[in-house]
Amino acid sequence: MQQSIDILKSWLEHRRPKIAVVLGSGLGSLADEVADAISIPYSEIPGFPISGVTGHSGELRVGTLSGTPVIVLSGRAHYYEHGNAAAMRPALEILAGVGVDTLFLTNAAGSLETDMPPGSVMLITDHINFSGSNPLFGEPSDRRFVGLTQAYDPDLSERLERAAKETDTELHKGVYMWFSGPSFETPAEIRMAGVFGANAVGMSTVPEVIIARFLGMRVAACSVITNLAAGMTGGELSHQETKDMAPLGGKRLASILKTAIGGLG
Ligand code: HPA
């Protein structure tokens, strides 16, 4: 771990961003907006995941967003790739090791709300872990009993809401339910998710939230809605649809994030 932290520090030179942003499927364009950027392939930092998911590029972009130093991660490891919910733990530990204390997570998600259609952005206010897994399985210390009552930092979330207002961008709020994937949900599962109180469903983010809270980071997260959830329309769901539709809401999310992060510098 320390070796990876030192390797990343040598890439960063004098830079010590405290903020990291993880970009979800098809949301990579925000990485292009990082100013004075250097790019570091994940393969250069032992512990960073090699993602085999199309729509995820696998590199760190280090620079500034609206003047604030950031590290943007294009690409994440998903539980469904190897059945390892802790796949992002080394990457997040390495980021913490170079001084990152604030994490913005983004994802593509299916909506359970007809008035939150594809192209919408949803601030995640809470989550439901429906995967049956947890990234802290096997963690021996008592620190594994992480409190998640305020998993999503109220101040960061409020900052995102303010940024949405300032940029005249609609920002929905809701509960994200983590399914393991990689198959999409069935219509019956989506009806269940609705009864349970979910507003959106997806295959990522929750393990990273748990790991980041374990590491003491502040966390905020947003979903970009790429589709109405299974059974809500006549059609079948597909990863191609996720990739095609993500940039629509991705533009909205980028303007919210840039504004919110700008004030944190
Ligand atoms: N379900 C799960 N994950 C997703 C979806 C969905 O409908 N859309 C994008 N990611």
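This is a predicted model: local features need pLDDT of at least 70, side-chain atom pairs count only at pLDDT 80 or more; totals for chains, interfaces and linings use all residues.
Local features need pLDDT of at least 70 and side-chain atom pairs pLDDT 80 or more, while totals for chains, interfaces and linings use all residues. Residues are numbered from 1 along each chain as its sequence is written, and side-chain values use heavy atoms, with hydrogens and water left out.

Trainee: Which element gives the most residues to the shell around the ligand?

Mentor: The shell includes Ala108, Ala109 and Gly110. Elements here are DSSP runs numbered from the N terminus: helices are H or I with at least four residues, strands are E with at least two. β5 (102-111), β8 (200-202) and β9 (218-228) each give two or more residues to the shell, and the element that gives the most, with three residues, is β5.

Trainee: How far is the side chain of Thr226 from a nitrogen atom of the ligand?

Mentor: A polar contact is a pair of N or O atoms within 3.5 Å; within protein, one must be able to donate a hydrogen and the other to accept it, and residues adjacent in sequence count only if both atoms are side-chain atoms. For an N or O atom in the side chain of Thr226, the distance to a ligand nitrogen is 3.4 Å.

Trainee: What share of the ligand's exposed area does the protein bury?

Mentor: Accessible areas come from the Shrake-Rupley method with a 1.4 Å probe; for residues, only the protein chains shown count as cover. Taken alone, the ligand exposes 260 Å². The share of this area that the protein buries is 96%.

Trainee: Is Ser157 buried or exposed?

Mentor: Ser157 lies in helix α5 (residues 154-166), and a polar atom of its side chain is 2.9 Å from the backbone oxygen of Asp153. Buried means under 20% relative accessible area, exposed over 50%, and partly exposed in between (1.4 Å probe, protein chains only). Because its relative accessible area is 10%, Ser157 is buried.

Trainee: Where is the residue Thr205, which has a positive phi although it is not a glycine?

Mentor: Most residues other than glycine have a negative phi. Thr205 has a phi of about 70° and is buried, with a relative accessible area of 0%. Its place is the loop between β8 and α7 (206-214).

Note on methods. A residue is near a molecule or strand if one of its heavy atoms lies within 4 Å of it.
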